[in-house]
Amino acid sequence: HRSILVRDSNRLVSLAAIKSPSVKDTEAMAYARNKSLHEDVIRFISNQKEWTKHYQVKLSLVENPKTPLPKALAFMTHLRQHDLRGVARNKNVPAGVAKAAKNQLRKRG
């Protein structure tokens with residue numbers, strides 16, 4: 001089962017599972033939310049245009065501490081006001097992401 005393989009501690013196994021052409025958008029959404037996945041899997045998801053066009057994937061990636069900072073900041077510009085407030089208050093996101101969310105809220109007024 002793919003969801004078990006994606007969580008495998010061996011980076012090559014988890015990457016091979018996420019790169020499977022049969023991974024659906026809904027699966028990618030769930031994986032993007034999973035904070036225990038290998039950071040390379042999160043990076044792979046964040047680089048997939050087909051998956052990141054979905055709002056929920058962007059939000060999950062911004063909230064995932066393993067998402068590379070430049071990617072998290074890029075996705076943040078697409079977030080709704082309500083979700084930005086949540087990110088700004090979230091203690092589980094990197095400090096840079098929370099600070100950027102606060103700045104974004106300030107800009108939007």
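This report describes charged residues in a predicted model, their salt bridges and their surroundings.

## Basis

The model is predicted, so local features need pLDDT of at least 70 and side-chain atom pairs count only at pLDDT 80 or more, while totals for chains, interfaces and linings use all residues. Residues are numbered from 1 along each chain as its sequence is written, and side-chain values use heavy atoms, with hydrogens and water left out.

## Salt bridges

A search of the whole structure finds four salt bridges, each defined as a side-chain nitrogen of Lys or Arg within 4 Å of a carboxyl oxygen of Asp or Glu. One of them joins R2 to E27, with the closest N and O atoms 2.9 Å apart. R2 lies in helix α1 (residues 2–6) and E27 in helix α3, so this pair ties together parts that are 25 residues apart in sequence. Helices here are DSSP runs (H or I, at least four residues), numbered from the N terminus. E27 is buried at 19% relative accessibility, whereas R2 is partly exposed at 24%. The cut-offs for relative accessible area are under 20% for buried and over 50% for exposed, with partly exposed in between (1.4 Å probe, protein chains only).

R11, E39, D40 and R43 are linked in a network of salt bridges. D40 is three residues from R43, about one turn of the helix. D40 is buried, with a relative accessible area of 16%, while E39 is partly exposed at 41%.

## A buried lysine without a partner

K58 is found in helix α6 (residues 55–63). K58 is buried yet has no salt bridge, and the nearest side chain of opposite charge, D83, is 11 Å away. The place of a charge is taken as NZ of Lys, CZ of Arg, CG of Asp or CD of Glu. Not counting residues up to four places away in sequence, K58 touches T52, K53, F75 and H78, where contact means heavy atoms within 4.5 Å.

## Surface charge

K91, K99, K102 and R106 form a patch of positive charge on the surface. Such patches join like charges within 9 Å, using residues with over 30% relative accessible area and no salt bridge; accessible areas come from the Shrake-Rupley method with a 1.4 Å probe. K91 sits in the loop between α8 (81–89) and α9 (95–108) and is exposed at 78%.

Terms used: Patches are made of residues with over 30% relative accessible area and no salt bridge: like charges are joined within 9 Å, nonpolar side chains (Val, Leu, Ile, Met, Phe, Trp, Tyr) within 5 Å. Lys and Arg count as positive and Asp and Glu as negative; His and the chain ends are not counted. Helices (H or I, at least four residues) and strands (E, at least two) are DSSP runs, numbered from the N terminus.
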